[in-house]
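Subject: The structure I promised you

Hi,

Have a look at it first, then read on.

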Amino acid sequence: MSEKDKGTCACTQKLLDVIRAAKPKKDLLKKVTCTKCGKVFWTNMDNNLCFDCREN
């Protein structure tokens with residue numbers, strides 16, 4: 001079987017192995033309750049204030 005039939009090229013196989021080995025990032029967003037007003041929202045930041053309370 002030739003390289004073309006396998007679906008990958010030998011020159012890109014190492015790159016594909018690295019991509020497959022990388023752990024997927026999970027839980028990029030977390031559910032947070034605003035400490036000021038109690039609104040529940042999703043964020044990827046460490047701040048526990050909602051957008052409305054951050055502006056004030």
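In which sense do strands β1 and β2 pair, and over how many bridges? The sense is antiparallel, and there are four bridges between β1 (residues 30–33) and β2 (residues 40–43). Strands here are DSSP runs of E with at least two residues and helices are runs of H or I with at least four, numbered from the N terminus; two strands pair if DSSP finds at least two bridges between them.

Before you go further: this is a predicted model, where local features need pLDDT of at least 70 and side-chain atom pairs count only at pLDDT 80 or more, while totals for chains, interfaces and linings use all residues. Residues are numbered from 1 along each chain as its sequence is written, and side-chain values use heavy atoms, with hydrogens and water left out.

Back to the hairpin. T33 has V40 as its bridge partner in β2, and V32 has F41. Six residues sit between the two strands, and G38 takes a positive phi near 85 degrees in this hairpin. Strand β2 has a covered face with F41 and T43, and an uncovered one with V40 and W42.

T43 is buried at 8% relative accessibility (buried means under 20% relative accessible area, exposed over 50%, partly exposed in between, with a 1.4 Å probe and protein chains only). Setting aside residues up to four places away in sequence, T43 touches L28, L29, K30 and V32 (contact means heavy atoms within 4.5 Å). A polar atom of the T43 side chain also lies 3.1 Å from the backbone nitrogen of M45.

Now the core. V32, C34, F41, C50 and C53 make up the largest nonpolar core, that is, a set of buried Ala, Val, Leu, Ile, Met, Phe, Trp, Tyr and Cys residues joined through side-chain atoms within 4.5 Å. In soluble globular proteins, nonpolar side chains tend to be buried together. V32, in strand β1, has 7% relative accessibility. Beyond its neighbours within four places in sequence, V32 is in contact with K39, V40, F41, T43 and N48.

What about the cysteines? The structure holds zero disulfides, a disulfide being a pair of cysteine sulfur atoms within 2.5 Å. For C34, the nearest cysteine sulfur belongs to C37, 3.7 Å away. For C50, the nearest is that of C53, at 3.6 Å. C34 is buried at 4% relative accessible area, and C50 at 3%.

Finally, there are three salt bridges (a side-chain nitrogen of Lys or Arg within 4 Å of a carboxyl oxygen of Asp or Glu):

- R20 and D17: the closest N and O atoms are 3.9 Å apart. The two are about one helical turn apart, because they are three residues apart in helix α2 (residues 13–21). R20 is exposed at 59%.
- D46 and K30: 3.5 Å, N to O.
- K39 and D52: the closest N and O atoms are 2.6 Å apart. K39 is in the loop between β1 and β2 and D52 is in helix α3, so the pair ties together parts 13 residues apart in sequence.

Cheers

Conventions. Polar contact = N/O pair within 3.5 Å; in protein donor to acceptor, adjacent residues only side chain to side chain.
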